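Morning, everyone. I have one structure to walk through today. Please have it up on the screen while I talk.

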Amino acid sequence: MARNLEDDTDPTYTHFSHRTEFLAHLADFLSLDLSHDPSESEQEDEEGLVRAMGAILDHYLPLPGLLDPSLDEIVPPLMTALSSSLGRLSESQHVSPSRLFRLGRVINWVVKVRGWKAIVPHFPSSISHLPILVSLLSPPTSPSTSSTPITPHHPLISSQAAWELRAVLLLWLALLLTVPFSLSALGAPSPLPPAAFQIDLPSYHRLFPTELAPLGERVVLLALQLLHRPGKEGAYAALVLARIYSRTDAVVGLSGFLEWAAEELHEGEREGEANFVASLLELLALLPGMLPPKYLGEIHAFTEERLLPHLRGGRTAASSGLVRKLAVKARGRWWIARLSGADMAVGLEDALDDFMSGLSDKDTIVRYSSAKYLARITGLLPAELSEQIVLATVGLFSGTEDEPVIETSFGTVVDPGGSPIGGMMGFGGAETVRGEARWHGVCLAVAEMARRGLLKHEAIGEAVKWALTFDLRRASHSIGANVRDAAAYVLWSLSRACPPDELRPYAEDMATGMISVACFDREVGVRRAASAAYQEGVGRLGLYPEGIDVLAKTDFYSVSVRRMAFTLAAPAVALHRVYRDRMRSHLHHITLRHWDTVMRTLGATALKDLLELGTKEDMDDSITREIIELSSLDAASAHGALAALEQILTTLQEADPRRRKIVSSLSTVRPAALVSQQAADMLQTACHLLTAALDGDVIAESSTQTLLNQFIETTMRRREAECHEAVTRVFGRLSELRACGPEVIKLVGDLKSMRAAQRQSAALALGAIRYEHCPDVTEKVVHALLSQLEPEVKADVETRRYAIRSLASIACQTDSNEALLGNPDSFRRIVASLLACLSDYTTDQRGDVGSWIRVAALRALGGVVGCAAGLPPATALALVDQENFERVIAGTVRLGVEKLEPVRAASAGALRDLRLVHARAVWDWEGEECLKAEMSDGEDAFRYLDQQAWFASGMPLLKTRYRADLVAGLVLTIGSQVESVSRLALTPFTDYLLGPDADGVLGGVLADVEGLMGGNVTSNRVFVPCLTTLLRIVQAGVISRGVSEVLGDTLTKILSLACRGIPTIKSIERITASMKLVIAMLCAPTTPRVVLDKAVDAVPLFLGHRFPRTSITRDLAADSDHVFLDAHAEAMDMSRADELARRTDALTVRRTALSGSYGARRRIGRQL
Amino acid sequence: MGLLTIIRKNKAKSKEMRVLFLGLDNAGKTTILKKLAGEDISQISPTLGFNIKTLIWGGYTLNIWDVGGQKTLRPYWRNYFESTDAVVWVVDSSDRMRMADCGEELRGLLGEERLAGATLLVFANKQDLAGAMTLEDIRDTLSLRSISSHRWSIHSCSAYTGEGLSPGLDWAVHEVAGRLYWSGRVAPSESEGKRQGGSEGGVRAGARAGARAKVGARCL
């Protein structure tokens, strides 16, 4: 009854949702006939099928258990197919090797994803398979011939490609060996000499001192050789051996095997033993759980006296993390089996010692294995003993006796201390970064112990103390995030397993420490881990101060974005004093000292927010602490101090004495720090600090000027744009407080400096200065800046860009009476100069750097003209007359439709500025409503606009005086080589030209283009886009409309311009563009007759071009001609058409005959 | 091997599940939980914030998050180390006034991405009170039948008497186990035995058996 209300729809993400799909693939796969070889195409399909199934399986790797309900539908059918093929194989019938291998691959894939233990129970357990498996895995009994070399197994399954199949067979064999009957009752396989298994007689006798059932002996022999195989084959061979030797009827053979293995190790080459050793260790890890206890001693002796000593000092273990991990596992499993039966035993201490040193192994798998077995064994021991082990483990955090951890006075770690020498079990594999691996491993171990409830009393306190410490700075990175992640796991585990009373003394420390990490760690994983650990504690312990409130502010999402964690979560939590104090010291000790600049900067902001919530004493304390750090030897630390003090300054009232204190402390910054790697950050921050600090009191201080000189001078020499901006703000602030005549004179001088950086920052700074207090120098400055824009001065792009900004700013400066500071003449010169800048197309290795100038000029013009518009109309017109205004609009319109988006954005911004100040009230502004964009959020908003709509909004300008300017801009975009950019403008353009409003516009447009071409014959930058634009509008069918003699005339002129000098032109791009235009004209059905004639005349120019590379051109030309002839044959003078056809055909024939040699083409060219 | 892989493995090995107890305030979440754990239920005040409790049930370790009724506590549902396997939504069957609100809340809850795929058990609590809505009425008011994103079931219960609690939780645990721990799933008879050992001091076995028979008839 209870089921009635359940839904029966399947949610997709919580179970094997690809079941149907997978089973369909499986059915396809199983329908293949294994006795037939697939064709090549079938082969491909089948590989695809296997990959598809594998991909589905791999999808479930994170939660393979979800496959379990379907395993019965997957594994048995596969195994049935396998067993029937094996049957055929043993009867010497044909089986397709590739299909059989694929079957093995699919089964092995399932095993890989789900793990063998879960799959094997679905294997058929009928004993009848045993002899077949044994005989297939054994070498063939028939003697080898020269054509069939000896193979270790049946020839078909011996190839390299069959390893997955063999792995599956071994797993199956291992399963069948659990059969409860005696092996001797199962019959004997056909006899083979030991030599067939590469075993010599002495070894054979060593292996089998007592007789084993023939079947058992055979299984041992075939598994032995497989121990040398890599990966799963070796591991499953070990499983087979473990199964056989743990049988009561075969266990007597174990000592022989161990004897043999020891000898094999001793005699074998060390170079190639890694696989063998790994397989042996797999076996030793399996045996303790399977053997009767009385045999444990035997394998212990082998491990401790033969195997491990053999590995010590060698390279096998040192270079393989897997071998070291397996060694831990084998010993761990042994001790667990041992301790489950008896109590404390000899040798345990050594083992524990080895596990502890394994915690600092350089490979994570070794660390985790060590941690796991250390904790499991500890859990099996009596309390007083386990407590000691726990304490010893926690003690590993603090380094070794010789090299203990070194801490600062406030408890952060300076040096992590040393790790045990020689690595675990004397195998090597010591950590590469000091401290990192060890702390991670110890965290894992402690977390495992905590999870098992093994941490008690003082161990808890110690663990908590350490877990909150790990943020150690290395030269350029911190000790791994994985350590802090694991440390949070320790705290999480503690919260889950420890009774509240045990944790009570540490609760506050834990809570505040975790929250500091949750808010202020650099890595999102660590912040989330700390948040989760805190959450667990709140829910389980109820001990954390204000837990509920704080938790809501620092949940998974609140700490996900670093900036949010710093600026929202942290101040919200800091409302509570207990957290605020701890967070503040975290910022001082760790965040502001961080190696990452972004962290220091964010830390400074967070500190400011915290201090605003706190008391005056907190503030004084923070100021003092950071002032001390200013003189730090570590530049990063000093920068953190600067950033913090700058943020603090912004909260201090004017005339607060602490402002002077902070400013004067700047002199303690070590000069060396200002040339370090952090110098740019430091100087920039110092400038911000000075900007924030300057006020009447501070400036009156005599020492201030020295500081200013020092920092300004150093900052101006930096290349970084951020430094230029920062120093500029200092000048700006300074000039608000007092006259800056001498500074200005110096800056003007700097414009001629040898250093580019100094020229650039001077150009920028001159614009930031308020000239109200020193109006007499204004003209001089304007003159100096204008001269930077003159071509003959050859100022660099950055300087020019800054000069433009500065000129605009100076032009708009007013005195206290709102009157312009500069004289009208300067104003007009500035406008003229800015107008000229709109046509800057400078390029260098960085590309179109001229666009920076154009953008700057557009912004400047928007500001300057806008400023004029704010004045009384008569004054405005005196500064910018109607003619100049139209030039401004013309230039802005032209750039508003050009191909670079930032330039278009700047243009849109300028037009918006002019509309905002109602420029229309002062000047006539035709087409004001065109090119209007909603961008109240500033220029950034532009990029989110529909660009095609933007272009469309400009098209009505084609009917205004700005048509030519619009066209000049459009050709660059439409003619762009980038198809997507071109389309943005082309579609609105052709739509408009073909639309109802376009009467008579086309003629004008074509004339404009012709004009552009005529004026730029030598400039491919404009000429080629013109050609391409024409081509694209012709192809769009625009010319077909309103064909007239006037138009024909223009088109003819255009064609002759396009073809002018073609034989001598070297630019392939231009030749191609011209040629395509000619062809397009020929092909367009409505091309006027005069134009056609012109085009026909032009064809030979291209057909006969001397450039070999233009053979493509000629191909295209020849092909297109036929199209054209079809289209125009009737309309044309037949003789001309014939002539053209003759030429083209002749060319085609000859080209084929002469197979395109260069000389031949030259000859054809001459003939034509 | 990342830390999260290890944690996931550990969780699977120890057969852990995370269960969220949610519902409007005063629905009886904490009382149900205490009753299940065999604690005293005579003194229960509104849950401020939340509690995490570990309960061994049917061979599984349930980490039960009892989250207060307040909306502000929603952020807790997502956690770095664990995902939610089941949601137990507790309804006050006698609170007809707020049943529509309750439905709204439940809708909002199921829309949460972080609860995707979790099994949903609805406890129609306080069935022992006079005037309690019937199971069908509650089902329809909450429009459970339109839920397709989660496996769900509604069970009537009384936290006060303990009636119906075990079958409900059994269903949820069985459902989650079927998804996550198929191969290790214990047979019902076996789980019965284990549970009695596990939640010692819980509802007396005899009383539970009786209650179960009764509730079985009432549970749809």
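This is a predicted model: local features need pLDDT of at least 70, side-chain atom pairs count only at pLDDT 80 or more; totals for chains, interfaces and linings use all residues.

Now, which residues of α3(A) are buried? Here is the list: A:L71, A:I74, A:V75, A:L78, A:M79, A:A81, A:L82, A:S83, A:S85, A:L86, A:G87 and A:L89. Keep the helix repeat in mind. An α-helix has 3.6 residues a turn, so residues three or four places apart point the same way. Back to our helix. What do the buried residues of α3(A) pack against? Five helices of chain A are named: α1 (19–30), α4 (97–114), α5 (116–119), α6 (129–137) and α7 (163–176). Just after α3(A), A:S92 takes a positive phi of about 60 degrees.

Look at α20, residues 457–467, and α21, residues 481–497. They pack at an angle of about 145 degrees, and their axes are 9 Å apart. The crossing of α20(A) past α21(A) is left-handed. Who makes the contact? From α20(A), we have A:I460, A:V464 and A:A467. From α21(A), we have A:A487, A:L491 and A:L494. By class, that contact has six nonpolar residues, with no polar and no charged ones.

Most residues other than glycine have a negative phi, and most peptide bonds are trans. Two loop residues in chain A deserve a look here. A:E546 is not a glycine, yet its phi is positive, about 55 degrees. Find A:E546 in the loop between α24 (524–541) and α25 (547–553) of chain A. Is A:E546 buried, partly exposed or exposed? Its relative accessible area is 46%, so A:E546 is partly exposed.

The other one is A:A655. Its phi is also positive, about 70 degrees, although A:A655 is not a glycine. This residue sits in the loop between α30 (635–649) and α31 (657–665) of chain A. At 51% relative accessibility, A:A655 counts as exposed, because the cut-off for that is over 50%.

On to the annotations. The UniProt record, an unreviewed entry, gives a "transmembrane region" at residues 167–188 of chain A. What does the model show over that stretch? The chain there is 45% helix and 0% strand. The end C-alpha atoms of residues 167–188 are 23 Å apart.

For chain B, an unreviewed UniProt entry has a "binding site" annotation covering B:T30 and B:T47. B:T30 is in helix α2, residues 29–36 of chain B. Its relative accessibility is 13%, so B:T30 counts as buried.

Last, the overall picture. Chain A has 55 helices and two strands. Of its 1168 residues, 56% count as buried. Take contacts in chain A between residues at least 6 apart in sequence: 73% join residues at least 24 apart.

Chain B has seven helices and six strands. From the N terminus on, the order is α-β-α-β-β-β-α-β-α-β-α-α-α. Of the 220 residues in chain B, buried ones make up 56%. Among chain B contacts between residues at least 6 apart in sequence, 72% join residues at least 24 apart.

That's the tour. Over to you.

Note on methods: Residues are numbered from 1 along each chain as its sequence is written. Chains are lettered from A and ligands numbered from 1 in the order in which they are written. Side-chain values use heavy atoms; hydrogens and water are left out. Axes are lines fitted to C-alpha atoms, for helices over the stretch in contact, and angles run from 0 to 180 degrees between N-to-C directions. Helices (H or I, at least four residues) and strands (E, at least two) are DSSP runs, numbered from the N terminus. A crossing is left-handed if the near helix is turned anticlockwise from the far one by less than a right angle, and right-handed if clockwise. Contact means heavy atoms within 4.5 Å. Ala, Val, Leu, Ile, Met, Phe, Trp, Tyr, Cys and Pro count as nonpolar, Asp, Glu, Lys and Arg as charged, and the others, Gly among them, as polar. Buried means under 20% relative accessible area, exposed over 50%, partly exposed in between (1.4 Å probe, protein chains only). UniProt positions are given in the numbering used here, feature names are shortened, and annotations may be inferred rather than shown by experiment.
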